[in-house]
Amino acid sequence: MSKIFIIGLPRTGTTSVCHALLELGITTAHTAYTNACFENATAIADTPIFNDFKTLDTHYPHSKFIYLERELTAWVPSIKQLLTRMHTNLTRTDGGFNIHIKRCYLNTFSELSLHNINDNNYLTNCYNTHFNSAQTYFKNRQQDFLFIDIAKPHSYKQLCNFLALKSDKTDFEKMNMGGKVTAWNDIKHPLKVESTAKGRIDKLLPYKIF
């Protein structure tokens, strides 16, 4: 089954795009940690998508991939704030975040430490490495792959054109501003797909991780 995967890094506008997809009539999950979530959602963003996009491309042929760009001057302080809050639960060995969150963050943000989190060069390198990996992987596949920066004019129209959808709206609703990360929890929509089964996850997701 083909899907729509939003593969931008955290703090690049994933919640705003997921909200837009809901309003465009697409079943959408912001993060996915169960087999049922992958089965029921047509569009999925954030964890584990930003880390696993190459494997997902193989497992879900003919899918669409949307990379969310963001100016580094805005992304670096935002991701720094998020990673600082997440650090303890990402790195502790006696609990913390679920296994999928830990695996994806610790792979994408390798050698994660409080020292590195406060190093703008480290964060910039993580962003550029991820960006270049996606750009190289999807080279010459414009029919499958879209780059957008939701802060830029016409980005909403680009999304609609890419997915062959029509809308009277012209822009994304900006969400999770000022460091907030909980806007998705507050969204009530019949097409919203829950990421977990009442807080429970599946240890094995429907695609094999290499």
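Student: What makes Phe5, Ile7, Phe38, Tyr105 and Phe109 stand out in the largest nonpolar core?

Tutor: In this predicted model, that core holds 41 residues, and these five touch the most other members. Helices H2 (35-40), H3 (49-59), H4 (72-91), H5 (99-108) and H7 (120-137), together with strand S4 (64-68), each give two or more residues to the core. The largest share, 7 residues, comes from H4.

Student: Which residues does Phe109 touch, not counting those up to four places away in sequence?

Tutor: Phe109 touches Trp75, Ile79, Leu83, Tyr122 and Cys126. A second, separate core has 26 residues, including Leu24, Ile66, Leu146 and Ile148. As background, nonpolar side chains tend to be buried together in soluble globular proteins.

Student: Why is H4 called roughly perpendicular to H7?

Tutor: The axes of H4 and H7 come within 10 Å and cross at roughly 105°. Angles from 65 to 115 degrees count as roughly perpendicular, so H4 is roughly perpendicular to H7.

Student: Which residues of H4 and H7 meet?

Tutor: From H4 come Leu72, Trp75, Val76, Ile79, Lys80 and Leu83, and from H7 come Asn120, Leu123, Thr124, Tyr127 and Asn128. By class, the contact has 7 nonpolar, 3 polar and 1 charged residues.

Student: How do you know whether Val76 is buried or exposed?

Tutor: Val76 has a relative accessible area of 7%. Buried means under 20%, so Val76 is buried. Val76 is in helix H4 and, leaving aside neighbours within four places in sequence, is in contact with Asn120, Leu123 and Thr124. Between Val76 and Arg92, 16 residues apart in sequence, the C-alpha to C-alpha distance is 24 Å.

Student: What puts the buried residues of H8 on the same side of the helix?

Tutor: The buried residues of H8 (155-162) are Ser155, Tyr156, Leu159, Cys160 and Phe162. They cover an arc of only 165° around the axis, which puts them on the same side of H8. On the other side, Lys157 and Asn161 are exposed. The buried residues of H8 pack against helix H1 (14-23), S4 and strand S5 (145-148).

Student: What makes H1 a mostly covered helix?

Tutor: In H1, 9 of 10 residues are buried. They are Thr14, Thr15, Ser16, Val17, Cys18, His19, Ala20, Leu21 and Leu22. The cover includes strands S1 (4-6), S2 (28-30), S3 (43-45) and S4, along with H8 and helix H9 (183-186). After H1 comes Gly25, with a positive phi near 90°.

Student: What makes the backbone at Glu111 worth noting?

Tutor: Glu111 is not a glycine, yet has a positive phi of about 55°. Most residues other than glycine have a negative phi. Glu111 lies in the loop between H5 and helix H6 (114-117). The relative accessible area of Glu111 is 69%; exposed means over 50%, so Glu111 is exposed.

Student: Why does Ala164 count as exposed?

Tutor: Ala164 has 69% relative accessibility, and the cut-off for exposed is over 50%; therefore Ala164 counts as exposed. Ala164 is found in the loop between H8 and H9 and has a positive phi of about 55° although it is not a glycine.

Student: How do you know that the peptide bond joining Thr47 and Pro48 is cis?

Tutor: The omega of that bond is about 0°, and the bond is cis. Pro48 is found in the loop between S3 and H3. Most peptide bonds are trans.

Notes: Residues are numbered from 1 along each chain as its sequence is written. This is a predicted model: local features need pLDDT of at least 70, side-chain atom pairs count only at pLDDT 80 or more; totals for chains, interfaces and linings use all residues. Side-chain values use heavy atoms; hydrogens and water are left out. A nonpolar core is a set of buried Ala, Val, Leu, Ile, Met, Phe, Trp, Tyr and Cys residues joined through side-chain atoms within 4.5 Å. Buried means under 20% relative accessible area, exposed over 50%, partly exposed in between (1.4 Å probe, protein chains only). Helices (H or I, at least four residues) and strands (E, at least two) are DSSP runs, numbered from the N terminus. Contact means heavy atoms within 4.5 Å. Axes are lines fitted to C-alpha atoms, for helices over the stretch in contact, and angles run from 0 to 180 degrees between N-to-C directions. Angles under 35 degrees count as roughly parallel, over 145 as roughly antiparallel, 65 to 115 as roughly perpendicular and the rest as oblique. Ala, Val, Leu, Ile, Met, Phe, Trp, Tyr, Cys and Pro count as nonpolar, Asp, Glu, Lys and Arg as charged, and the others, Gly among them, as polar. The arc is that of the directions from the helix axis to the C-beta atoms.
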